[in-house]
Amino acid sequence: MVKKEVLIEPMTRLEGHLGIHAVADLEKGIYVDAHSFVVMFRGFEIILKGREPADAIWITQRICGVCPTPHAIASVQAVDMAYQAPPPPMGVLLRNFLHGAEQLYDAALGCLVLEGPDYSEAAVKKWNPDWWEKARKAKAPNAKLHGYKTIADIMRALNPLSGELWLRSLAVEKLGRKMASLLGGKHPHVVSIVPGGVAKTLTPTDLEQYAAMLAHHVAFAKEFIPVMDDLLDFVLSLGYEECGSRKVNLLSYGAYDDPEAYTARYEDMPSWGLKRAVSPGVVIDGELITQDLIEINVGVREFIDRSYYEDWAGPSVAEDPAGNPLDAKHPWNKETKPKPGPYKAWDSKYSWAGSPRWEDWKKRVDGFAHALEAGPIARMWVTAKAGNVPESTGSSLKFTLPKAAVAGYKVVDEMEFEWKIPERVNTVERVRARAYYYAYTAYVMYNQLLQALEMVKAGKAEVWRKYKKPKDGMGVGMTEAMRGALAHWVVMRGQRIQNYQVITPSGWNAGPRLSDVDLGPYEDAIVGTPITEPTEGELSGIDVVRTIRSFDPCLACCVHLYQGDRCIREIPIC
Amino acid sequence: MEPEKIHVIWLSGQACTGCTVSFLNATHPSLVDILTGFIPQAAGITLDYHQTIMLPWGEEALKAVEAAERGELEPFVLVVEGAVPDEDKAGEGYWCAIGEENGRPITFSERLKKLADKAIAVVAAGTCSSFGGIPHGKPNPTGARGVMDFLGRDWRSKAGIPIINVPGCPVHGEHLAEVLAHAVLALRGYLSLPELDEWHRPKYIFGQTVHDNCPRAGLYSDGKTSHAFGEPYCMGLLGCKGPISHCDAPKRGFIEGVGGCTAIGGICIGCTEPEFPDEPYGPFLKKAPATFFIAEKIRGIIAGLDAVWHRFEEKLVGRKL
């Protein structure tokens, strides 16, 4: 076997720094092994110990400056629960507006600035010159909507710093963060999310201002989604089906709470979970096996066999508040005990990320612990399948964006969107799901905004409710960051944090393997990915990079190319 | 005339990338304005290395860092995002690595030291690189600190310039854009360098407290205080640390004038301060020390008496203006 190693490090992510080590089999033309490793540690869970639980709402946002608001949402839900402090309905809606504003910025950032350039003229000409020739001749089916005649025109618009889509998306992204600043004081790191509601003085013009900015996103979605469809269908047609493909094992916690349903009580969590505009669920091998947020929570495990941590004794919390037994590996029982170790010890501990798994504890399938993938594709998949919301058809998610007349955008009329559950979960479909999630978020925000105005009319504009902090308590907050399922767990003793744990979507996706047959999703997705670039010379690892980026690791990466032990070249890819 | 180039290298350590995202919020000037240089005096800035914003395709980006380390990229300003961990505490491992050499990780601190030696000026963007920020919160498991403490308080660049701290969690995009633009004009002799406070923060941004800059401060003086979140008055009773924090965000807003922590009804958590997130800023919902409010009331009474006296004086001796 002719093997080549590709080492991508640093592939800096948002929560830290990431590296990927991949092995290519040149005879088979595919990647046959991969290791994902996180090379930065800050110790949030240790810093949080002994503080007031509410402080976590502000502190945990600083885990990630690109997706801070979902951390605030997960944290406040855990603290609401521990404090027994349910917010009034308008408080829930304002939290949703903050959350949605961030997703509108983050989806555009992911698709057009971070992932898009991998399919830009600059990248394709360099690494897939045969694609470029075809792209020049390929007519864009949605040209009437977005104005780009050929696929090559779209690729040119994605060129970093000069492409039209790339530059326009910067403005759209800033508008999303501005919507978050309107209600949250600033973004990154909003200040207005507090236990029991929000710290925002709702003025007569806030909702109107939010709506005016949302209209830009509605208008942009009508060009952006058709552009992504054209580009991604073209890439798929070149045989990219296998790239980044893995089993359909997905996790969604759901998002955008129903303002009347959310009670902050653990026992009610399954019922408010089902009323979310984005549905929760666990999918194993293409089957939606549960939507019960308590069952999902109790099944979460975090293993550290291949991570730079020491084991802990446990369990210290025997049961959840509903009386279900808790495993020692459940986050409510986990302790964070860092132990830095050697670099790239593939047979031992090699990453700062843990390995989250979901154990099928009710034995609906096989009773095993599964490596689930988080991300917009998981959210869209579960929401489309489950039928919890009227837009869900069982095989697709169908919704109509309203009319929006905004200068600088091409389509004014309302437009129907339908995201169909794809046959496979692969690199291309992950990116497509992210684009459609942008449109779906704009749709949900629009409808909830109408709901908020009705509530104002009905005199229900209260944004916060007073609470009395109990001495002890525990809570969990389960929501969705742009890049997938995010949860926080808190155990409060004497009004202080005894234990605080966070499992990020990047944790689910980037975690190291537990054994050679139980890889983390990044590693799993790379294995079997075909090599599309010319293999005679040096490998750039572009197919690996596209696959990792489809999970939205957000930042530029630096590809160091290895042949045997010798570093032959370093290429920064952004 | 083609202006002499000033290069910028942006290095990230124990960071969340929030400062980078926030930098993209800056509008006048924006990142693009800074790079395109509308007026010749402020032109010629090149962002040679930033893992997110600039997207140099190919080998150029890392080459720039290595050239800068060797002193071959002249002159360059080093912008640092994120705290600096103490690698001596990492035993046989490491806390934060950027790239590798001969199979060994190169730590962020190593790169920082090499680059600082050659930089014409070092700007710390955000509270982590200024003072350690969240990673240095008690018990500071990784020994995190700001660049100023890593290099030494008395450290000066080879051009004799002290570290300029632009704290904020994240840094205010406009603060950073203005300081960078100011630094360029200063390096070219048009302005003097910004005057810094004892924590190396530019005084023109951080000279006043959040309370001074808060649109609700007048309401406080008028005796109007919020007792519940959502009320439109002073947030002092709900944990606001505005009186002991230095920032102008409530007055300026956060993105194109929109936002501002206390202006919208939130509380200031002191994110620009060296002690953040520890006492006296955390717990965030705990009330700020009363001493400030008492002192302010006394000053207010004096100002009130002054106002009354001047009106009397005007009646007695006539108006002077």
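Helices here are DSSP runs of H or I with at least four residues, numbered from the N terminus. By that rule, A:L450 sits in helix α14 of chain A, which covers residues 427–457. The model is predicted. Chain A has 574 residues, and chain B has 321. The briefing takes the chains in turn, then the pockets.

**Chain A: overall build**

- Chain A holds 17 helices and 19 strands.
- Its C-alpha atoms fill a box of roughly 70 × 60 × 40 Å along the principal axes.
- A compact globule of 574 residues would have a radius of gyration near 25 Å, and the 23 Å of chain A agrees with that.
- Buried residues make up 70% of chain A.
- Of the contacts in chain A with a separation of 6 or more, 72% are between residues 24 or more positions apart.
- Chain A exposes about 17,000 Å², and carbon and sulfur atoms supply 50% of that area.

**Chain A: local features**

- Helix α17 of chain A runs over residues 542–550. Nine of its nine residues are buried, so the helix is largely enclosed by the rest of the structure.
- The buried set in α17(A) includes the charged residues A:D543, A:R546 and A:R549. Also among the buried residues are A:I542, A:V544, A:V545 and A:I548.
- Just after α17(A), A:D552 takes a positive phi of about 70 degrees.
- A:L450, in α14(A), has 38% relative accessibility and therefore counts as partly exposed.
- The C-alpha atom of A:L450 lies 9.3 Å from that of A:L207, although the two residues are 243 apart along the chain.
- A:Q495 is in the loop between β16 (484–493) and β17 (496–503) of chain A. Its phi is positive, near 65 degrees, and the residue is not a glycine.
- A:Q495 has 28% relative accessibility, so it counts as partly exposed.

**Chain B: overall build**

- Chain B comes to 11 helices and seven strands.
- The C-alpha trace of chain B spans about 80 × 50 × 35 Å along its principal axes.
- Of the 321 residues in chain B, 62% are buried.
- Among contacts in chain B between residues at least 6 apart in sequence, 72% join residues at least 24 apart.

**Chain B: backbone geometry**

- The peptide bond from B:H28 to B:P29 is cis, with omega near 5 degrees. B:P29 lies in the loop between α1 (18–23) and α2 of chain B.
- A cis peptide bond also runs from B:K138 to B:P139, with omega near 5 degrees. B:P139 is in the loop between α5 (127–131) and α6 (147–151) of chain B.
- B:T17 has a positive phi of about 75 degrees, although it is not a glycine. This residue is in the loop between β1 (6–12) and α1 of chain B.
- B:T17 counts as buried because its relative accessibility is 7%, and the cut-off for buried is under 20%.

- B:H175 lies in helix α7 of chain B, residues 173–187. Its relative accessibility is 1%, so it counts as buried.
- Beyond its neighbours within four places in sequence, B:H175 is in contact with B:V166, B:I205, B:F206, B:C247, B:D248 and B:R252.
- B:E313 is found in helix α11 of chain B, residues 291–317. With a relative accessible area of 21%, B:E313 is partly exposed.
- Not counting residues up to four places away in sequence, B:E313 touches B:G318 and B:K320.

- The largest pocket has a volume of about 360 Å³. It is lined by 14 residues, and the closest to its centre are A:W464, A:Y467, B:L238, B:L285 and B:K287.
- Seven nonpolar, two polar and five charged residues form the lining of the largest pocket.
- The second largest pocket holds about 280 Å³ of space. Of its 14 lining residues, the closest to the centre are A:L170, A:A171, A:K174, B:L24 and B:S30.
- Two elements give two or more residues to the lining of the second largest pocket: α9 (164–184) of chain A and α2 (31–36) of chain B. The largest share, seven residues, comes from α9(A).
- By class, the lining of the second largest pocket has eight nonpolar, two polar and four charged residues.

Technical notes. Residues are numbered from 1 along each chain as its sequence is written. Chains are lettered from A and ligands numbered from 1 in the order in which they are written. This is a predicted model: local features need pLDDT of at least 70, side-chain atom pairs count only at pLDDT 80 or more; totals for chains, interfaces and linings use all residues. Side-chain values use heavy atoms; hydrogens and water are left out. On a 1 Å grid over the protein atoms alone, a cavity is a set of points where a 1.4 Å probe fits but cannot get out, and a pocket is an open set with protein on both sides within 12 Å along at least five of seven lines; lining residues have an atom within 4 Å of a point. Grid points are joined across faces, edges and corners, and a volume is the space filled by probe spheres set on the points. Buried means under 20% relative accessible area, exposed over 50%, partly exposed in between (1.4 Å probe, protein chains only). The radius of gyration is taken over C-alpha atoms; the globule rule is 2.2 Å times the number of residues to the power 0.38. Contact means heavy atoms within 4.5 Å. Accessible areas come from the Shrake-Rupley method with a 1.4 Å probe; for residues, only the protein chains shown count as cover.
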